[in-house]
Amino acid sequence: MGSSATNWSGYVAAPIEALAAASPEYEVYVPRPNSPDLVLYRGRRVAVKPDDIGLLRSRGIERVYLMERDLPAFQRQLRDEMLAPGADVEPVQRAAAALFLARSSLQDAFASPKCEKLITASKALAEDITEHLADESLRVPELLGLVEHDYQTYTHACNVSVYSLLLARRLGIVEKVELEEIAAGGLLHDLGKRKVPAKLLNKHGPLTEEEWAVVCRHPGDGYRELVGRPDISWGMLMMVYQHHERADGSGYPAAILSDEIHPWARICAVADVFDALTSERPYRRPLPIREVCRTLRKQSESWFDPDIVDCLCAEMEEAPCV
Ligand SMILES: [Fe+2]
Ligand SMILES: [Fe+2]
């Protein structure tokens with residue numbers, strides 16, 4: 001599973017699957033073995049060949065690094081060559097390119113003090129994500145190698161969006177409009193966390209009762225930001241408001257029971273916890289998939305929808321790398 005535990009300042013990580021560009025206008029770096037440094041892998045205009053991906057993977061490398069100043073050239077190439085209609089690329093490469101672009105746009109949108117920018121960006125990104133990731137042949141374990149696991153706000157939003165989308169697809173939702181709304185709901189589900197101080201979100205130790213009360217306000221705050229907007233459907237709103245509700249009534253903010261939780265919010269709840277457990281946190285490493293699935297299955301007796309947990313974990317446990 002990819003991790004961005006090591007961050008090189010001035011560089012941006014990209015999954016190796018996003019590297020199908022023939023003749024890059026940017027330099028590509030990889031981590032030097034047994035060293036904290038990056039080393040140049042391909043200079044400008046030196047072609048990256050299809051074999052390179054396999055070679056890098058055989059060396060245990062899942063991420064390549066680009067200089068921040070080269071980011072616009074990389075993004076342009078992803079858009080123009082990998083995501084162009086009719087481009088001859090594998091679904092996993094298309095997904096990698098779409099995810100990389102979505103994450104960059106979302107990072108900009110989250111950095112904006114205006115909530116409106118984030119809402120507008122999320123709607124547009126959800127269409128892109130749905131177009132390039134709702135592909136039947138894309139497997140969740142493949143996706144796991146493409147997403148970042150650093151639990152930054154925009155990374156988490158992006159991951160919850162794609163996990164929710166793939167789960168919805170597996171659970172039989174096929175309408176494009178609904179899938180786009182679910183992807184957008186995933187991107188926006190923690191909108192209310194913009195009001196929670198970062199020191200609380202990143203706190204190492206347990207939260208005090210007062211601090212916990214502040215964190216627990218985020219579903220309601222997100223709901224209030226979005227309610228009444230004609231471009232936000234009821235299902236999207238419920239993903240924002242109910243993603244911390246639990247089937248036995250032990251969740252928040254309203255402590256409702258399973259029947260009252262919107263099906264999309266149930267999907268979002270599983271995607272949310274799955275991303276939290278598979279991500280690097282200040283106080284722990286990402287948990288192994290097997291352990292994550294064991295935890296989710298155990299909790300599905302009282303907290304989650306067992307069909308949704310089963311849908312996610314059955315596919316994960318089939319994967320050879322688990
Ligand atoms: Fe949340
Ligand atoms: Fe979340």
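Trainee: Is Tyr252 buried, partly exposed or exposed in this predicted model?
Mentor: Around Tyr252, 18 other C-beta atoms lie within 10 Å. A buried residue needs 20 or more and an exposed one has 12 or fewer. The count of 18 falls in between, so Tyr252 is partly exposed.

Trainee: Where in the chain is Tyr252 found?
Mentor: Helix H11 covers 234-242 and helix H12 covers 263-277.

Trainee: Which residues is Tyr252 in contact with, leaving aside neighbours within four places in sequence?
Mentor: A contact requires C-beta atoms within 7 Å. With the sequence neighbours left aside, the residues in contact with Tyr252 are Cys216 and His244.

Trainee: How are helix H13 and helix H14 oriented, roughly parallel or roughly antiparallel?
Mentor: The axes of H13 (residues 289-299) and H14 (residues 306-318) come within 10 Å and cross at roughly 155°. Angles over 145 degrees count as roughly antiparallel. H13 and H14 are therefore roughly antiparallel.

Trainee: How many nonpolar, polar and charged residues are in the contact of H13 with H14?
Mentor: H13 contributes Ile289, Cys293, Leu296 and Arg297, and H14 contributes Val309, Cys313, Met316 and Glu317. Arg and Glu count as charged, whereas Ile, Cys, Leu, Val and Met count as nonpolar. By class, the contact has six nonpolar, no polar and two charged residues.

Trainee: What distance separates the centres of domain 1 and domain 2?
Mentor: Domain 1 spans 1-77 and domain 2 spans 90-318. Taken over C-alpha atoms, their centres are separated by 27 Å.

Notes
Residues numbered from 1 in each chain as written. Chains lettered and ligands numbered in written order. Predicted model: local features only at pLDDT ≥ 70, side-chain atom pairs only at ≥ 80, totals over all residues. Domains from an automatic or database assignment. Helix = DSSP H or I, 4+ residues; strand = E, 2+ residues; numbered from the N terminus. Contact = placed C-beta atoms within 7 Å. Axes fitted to C-alpha atoms, helices over the stretch in contact; angles between N-to-C directions. Parallel < 35°, antiparallel > 145°, perpendicular 65-115°, else oblique.
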